[in-house]
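Please find below some notes on the model, which I have set out as numbered points.

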Amino acid sequence: MTRIPEKERDIMEKAIYLPMVLTILNRDIGVVETSAFKLRKPYLELIEETMKVIQKEMAGVKRYMKQNSLRVERLKQDEAFTMYLFFYQGYEEQHNYFNPRIRNKVQELMTYYLFKRHSLQNAPANN
């Protein structure tokens with residue numbers, strides 16, 4: 001049973017996932033730059049703008065974690081699992097994440113930041 005409230009755990013998980021998304025997008029920039037695309041610029045701009053949004057959100061996550069004395073450290077990793085140590089208000093908790101779950105969550109976040117956030121920004125407000 002975890003003592004960490006869901007909101008704080010979600011923030012701590014973002015501190016795990018968002019850097020992974022940035023790493024992948026950074027690699028993708030290299031792939032696009034060396035690809036046979038006739039027009040690379042729109043793809044590069046999409047990736048770069050997405051990275052800026054993620055970096056801004058990551059800065060907010062780091063700020064929140066610092067203000068609330070939250071910390072996450074990766075302890076160990078094998079083929080199937082990655083273990084993280086979460087620090088919350090004097091408590092330490094170990095959390096094991098199934099590596100395919102991490103990959104799926106990172107993929108889900110990439111889909112959100114590349115596509116879905118645009119449709120949410122343009123959606124009419126419900127009054």
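1. Which residue in β2 is the bridge partner of V72? In this predicted model, the partner is F86. A further bridge to β2 is made by K76, whose partner there is M83. These bridges belong to the antiparallel pairing of β1 (residues 70-77) with β2 (residues 81-88), which extends over seven bridges, and the two strands are joined by a hairpin through three residues.

2. The sheet is an open one of three strands, ordered β1-β2-β3 and paired in the antiparallel sense. Because β1 and β3 (91-98) stand at the edges and each have a single partner strand, one side of each is left without a neighbour in the sheet. On average, and with direction ignored, neighbouring strands here are turned by 25° against each other.

3. Helix α1 (residues 6-33) lies across β1, β2 and β3, and runs at about 135° to β2.

4. The largest nonpolar core contains 30 residues, and those with the most contacts inside it are Y17, L18, V21, L25, I54, F86 and Y97. Two or more residues each are given to this core by α1, α2 (41-67), β2 and α3 (99-122), with α1 providing the largest share, ten residues. F86, listed among these most-contacted core residues, is also the β2 bridge partner of V72.

5. L18 deserves a separate look. Once its neighbours within four places in sequence are left aside, L18 is in contact with I54, E57, M58, V61, L109 and Y113; of these, I54 is also named among the core residues with the most contacts.

Conventions. Residues are numbered from 1 along each chain as its sequence is written. This is a predicted model: local features need pLDDT of at least 70, side-chain atom pairs count only at pLDDT 80 or more; totals for chains, interfaces and linings use all residues. Side-chain values use heavy atoms; hydrogens and water are left out. Two strands pair if DSSP finds at least two bridges between them. Helices (H or I, at least four residues) and strands (E, at least two) are DSSP runs, numbered from the N terminus. Axes are lines fitted to C-alpha atoms, for helices over the stretch in contact, and angles run from 0 to 180 degrees between N-to-C directions. Contact means heavy atoms within 4.5 Å. A nonpolar core is a set of buried Ala, Val, Leu, Ile, Met, Phe, Trp, Tyr and Cys residues joined through side-chain atoms within 4.5 Å. Buried means under 20% relative accessible area, exposed over 50%, partly exposed in between (1.4 Å probe, protein chains only).
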